[in-house]
Amino acid sequence: MRCLVSGSAGMLGESIKRVFKKDDMIYTDKGDLDVASYDSVMNIITRLDKNIDYILHLAAETDLEYCDKYPERAYYTNTIGTINMCKLAGILKVPIIYISTAGVFLGEKNCYDENDNPEPVNHYGRSKYYGELAVKAYPKHYIFRMSWAMGGGPELDKKFVNKIFKLIKGGATEIHAISDVYGSPTYGYDVARTIHACLTRKIPYGLYHTAGLGPKASRYDVAQAIVDILKLKVEVVPVQSSYFYDKFPCPRARSEVLVSRKPHPSHMRNWRASLREYLEEYYA
């Protein structure tokens, strides 16, 4: 495969580079492809010396508090940026792969599959959902939704696992973690392998959920699993969401648990197994 990749310097991009290492990839990030800029997106055409097979659109603004504080930037990157990439896909006449999120859902159900209707509760979720709508308007598309991402190691992981690791590395002997919000911890490496398998087998275009398997997990469950796997003497204390309201005021769905009802090649694993592999490879 020959693929153009946006946002390749992020968490998932690191896993894509590992999994697609035998393919002909063109990796870009904001410095050379600013998806929010129509001119920047169109100018990338001049860099393509031969045809490509796919566009992997990874670029996104994913910090919920940042998106809530600066919503215009969230929509420029996550919505308008995706519209621009869809226009590029149309010009090049190639399929586009879009990475979306469990954050498009309201969070009142125990779990969500591909048939459930999105109803985002914050600007991040809305900007990503509007991006989904833009992608769905283009016939040749794949949408892969993730939940509670992890990957990339200490330098790239901006999410929960690395935040817990930083607390531990800083000498914390007691960690508070939320026990009343649930998700499906998802290893980017498993998602990258699944995407590669889907493209290799040329499955039907459409929307697919790619999230960690197993029982739903709270942030407390994940933090406790981290401590157990790394065999640390750290106490994990369960707390309600309100405990962190001052630090994380952005509204969040109570449930971001994803399941898939659509058959497709999958390398998704139980989230505890993936977490163990991730920690042992990057943090042990």
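# Cavities and helix pairs

Modeller: Start with a space inside this predicted model. The second largest cavity has a volume of about 40 Å³.

Biologist: How many cavities of 30 Å³ or more does a search of the whole structure find?

Modeller: The search finds two. The largest cavity has a volume of about 50 Å³.

Biologist: Which residues line the second largest cavity?

Modeller: A lining residue has an atom within 4 Å of a cavity point. Here the lining is Leu64, Gly103, Val121, Asn122, Tyr124, Arg252, Ala253 and Glu256. By class, that lining has four nonpolar, two polar and two charged residues.

Biologist: And which residues line the largest cavity?

Modeller: Look for Trp148, Ala149, Met150, Phe160, Val161, Pro185, Arg219 and Val222. Seven of the lining residues are nonpolar, none is polar and one is charged.

Biologist: Which elements each supply at least two residues of that lining?

Modeller: Three names to find: β6 (149-150), α6 (160-169) and α8 (219-229). Keep α8 in view. Its partner comes next.

Biologist: At what angle do α8 and helix α9 pack?

Modeller: The angle is about 50°. Helix α9 spans residues 271-282, and the two axes are 10 Å apart. That angle makes α8 oblique to α9. The crossing of this pair is right-handed.

Biologist: Which residues of α8 and α9 meet?

Modeller: From α8, take Asp221, Val222, Ala225, Ile226 and Ile229. From α9, take Trp271, Arg272, Leu275, Arg276 and Leu279. By class, this contact has seven nonpolar, no polar and three charged residues. Val222 of α8 is part of this contact, and Val222 also lines the largest cavity.

Biologist: Now another pair. How do the axes of α4 and α5 cross?

Modeller: Helix α4 covers residues 71-92 and helix α5 covers residues 123-136. Their axes come within 9 Å and cross at roughly 15°. Angles under 35 degrees count as roughly parallel. So α4 is roughly parallel to α5. Their crossing is right-handed.

Biologist: Which residues make the contact of α4 and α5?

Modeller: On α4, find Pro71, Ala74, Tyr75, Asn78, Thr79, Thr82, Ile83 and Cys86. On α5, find His123, Tyr124, Arg126, Ser127, Lys128, Tyr130, Gly131, Ala134 and Val135. The classes are nine nonpolar, six polar and two charged. Tyr124 of α5 belongs to this contact. Tyr124 also lines the second largest cavity.

Biologist: One pair remains for me. How far apart are the axes of α1 and α7?

Modeller: They are 8 Å apart. Helix α1 is residues 11-19, helix α7 is residues 188-200, and they pack at an angle of about 50°. The two are therefore oblique to each other.

Biologist: Is the crossing of α1 and α7 left-handed or right-handed?

Modeller: It is right-handed. Leu12, Ser15, Ile16, Arg18 and Val19 form the α1 side of the contact. Gly188, Tyr189, Val191, Ala192, Arg193 and His196 form the α7 side.

Biologist: How do those residues divide by class?

Modeller: Six are nonpolar, three polar and two charged.

Terms used:
Residues are numbered from 1 along each chain as its sequence is written. This is a predicted model: local features need pLDDT of at least 70, side-chain atom pairs count only at pLDDT 80 or more; totals for chains, interfaces and linings use all residues. Side-chain values use heavy atoms; hydrogens and water are left out. Axes are lines fitted to C-alpha atoms, for helices over the stretch in contact, and angles run from 0 to 180 degrees between N-to-C directions. Helices (H or I, at least four residues) and strands (E, at least two) are DSSP runs, numbered from the N terminus. Angles under 35 degrees count as roughly parallel, over 145 as roughly antiparallel, 65 to 115 as roughly perpendicular and the rest as oblique. A crossing is left-handed if the near helix is turned anticlockwise from the far one by less than a right angle, and right-handed if clockwise. Contact means heavy atoms within 4.5 Å. Ala, Val, Leu, Ile, Met, Phe, Trp, Tyr, Cys and Pro count as nonpolar, Asp, Glu, Lys and Arg as charged, and the others, Gly among them, as polar. On a 1 Å grid over the protein atoms alone, a cavity is a set of points where a 1.4 Å probe fits but cannot get out, and a pocket is an open set with protein on both sides within 12 Å along at least five of seven lines; lining residues have an atom within 4 Å of a point. Grid points are joined across faces, edges and corners, and a volume is the space filled by probe spheres set on the points.
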